[in-house]
Structures are given as C-alpha cells and as structure tokens.
Amino acid sequence: MKVELFYSPGCSQCAVVREDLKATAERTVAGIEWRELNVLEDLDYAVELGVLSLPAIAVDGELIFSSLPTPHQLRDALIRRSTTRN
Amino acid sequence: MLKIGKLAALVDVSIDTLRYYEREGLIEPVDRSESGYRVYDKESARRIHFIKQAQHCGFTLAEIRELLVLRGREKACCGDVRSRAIEKKLQIEHKIRVMRAMSKALDQLIVECADEAQPVKECTIIAALERATVLMPAPGHES
C-alpha cells in the first residue's frame, strides 16, 4: 500500500502533523510506502489525482483526504482499504 | 473623502458593483456624510484594486475576503497567502484539464458529423448528446 501526502512548502500545519501521520500509517499497515510530495514539484500528478486543496492524502493513487486527517481517521481509512484488498 | 460615485469612477467599477462588494463584506464606508451618503477613503480604493486583481487571478469573492483578512492581520505571513495561491493554481490546472477533455470530446463529435447536408434529425452530434456518450476521460487516463 502506498500513501502520498501532498503539501505546499512552508505549510506549518503539515510539518507539525505529518510525522504523527507517518508513524500511524507505519504502525497500521506493515511495509507501507510513505511518500511526501511537494505539490509544486508534482503539480501534474496532484491535478491528475484531483488534489484541489492542501494538504491532501492519496492512498494507492486515489485521493482519500482533501485536508489533513487526524491519526485516528487515517488509521481507520487504511484499515478499511487493507480489508477491502484482502 | 469620496462619495460612492467618485470612488466608482476612480476605480473603474459601477456603483452597483461597489454596493455588491459592500453587501459581501469586502468594503465598507469609513463614514457617513451629514446628508447620510456613504463616504470612502483612499484605502477603500486600494482595497478595490486588490479585489479586482485577485478576481483576475481567479479568486472568488469568498476567497478574496479571506485574503483581505490575511492582508490586515499582523501575525499572518506570506506563506499563508502563498498556500492559497498554490491551491488556486491547482484548481485552475484542474479546470484546464477538464476543458481540454471537453474540447477533445467535441473534436470527436465534429469528426463524426462529417456530412453537413444531413437533416438535423440524423445529426450525429445531437444523437451523441442525447445518448450522453460524450464521456469525459477519467482522471489519470487522459491521453
């Protein structure tokens, strides 16, 4: 499973929360791939996924959160997706 | 100090537009004259220039209201404004993508309707629109 967090540089809100989210994702799904994408460097990809606001989170190439979730919300979403996949 | 007519002329917008801005909370008169007319100052003119420029960049009035709040907030920094500009760029890029897809769909319809002499009842464009077959490419699958 691949989690991608789109952020804009200088977003203080992102910096504070993303370590927590990353740790939550890694605890929830073994071997998860965590990527942090500067939206200015990956603009086409962000637009392709439908990212319209920041920060945003996509899982396996699908936009799941258009604002930062709480660690609990992320954990629930990842569990739901891994259950669906299995 | 300027009455609404003078302000409108100065910033090149209609009086109705200024009243609309006022209803939307984007500008407000600094005072009322003795006869009850709204009175504005040069800061009002600067604010309206700002609103017009932001509209040209694609910001909605609600977004402009937020920008104006940021503009006047001492603790706000340029990064707050930049984030909004980046989000606006994302929205514009998304719209461009949708418009390109629409243009491509129209290309296809135009090519399919090569016989201009056909009666309108047999027009392939009308038929395609009725069948709703002008499908937009799914995100990520634009060729």
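Author: Let's start with pLDDT, the predictor's confidence in each residue, from 0 to 100. This is a predicted model, so to speak of local features here takes a pLDDT of at least 70, side-chain atom pairs count only at pLDDT 80 or more, and totals for chains, interfaces and linings use all residues. Residues are numbered from 1 along each chain as its sequence is written, while chains are lettered from A and ligands numbered from 1 in the order in which they are written. Chain B averages a pLDDT of 86, with 92% of its residues scoring at least 70. Residues 138-143 of chain B fall below 50, though, and that stretch has seven contacts in the model beyond near neighbours in sequence (a contact means C-beta atoms, placed from the backbone, within 7 Å). The model's scores are ipTM 0.78 and pTM 0.73.

Now for your pairing. Chain A has three helices and four strands (DSSP runs numbered from the N terminus: helices are H or I, at least four residues, and strands are E, at least two). Its elements go β-α-β-α-β-β-α from the N terminus. Look at β3 (residues 56-59) and β4 (residues 62-65) of chain A: they run antiparallel, joined by three bridges (strands pair if DSSP finds at least two bridges between them). A:Ala58 has A:Leu63 of β4(A) as its bridge partner.

Notes. Two residues are in contact if their C-beta atoms, placed from the backbone, lie within 7 Å.
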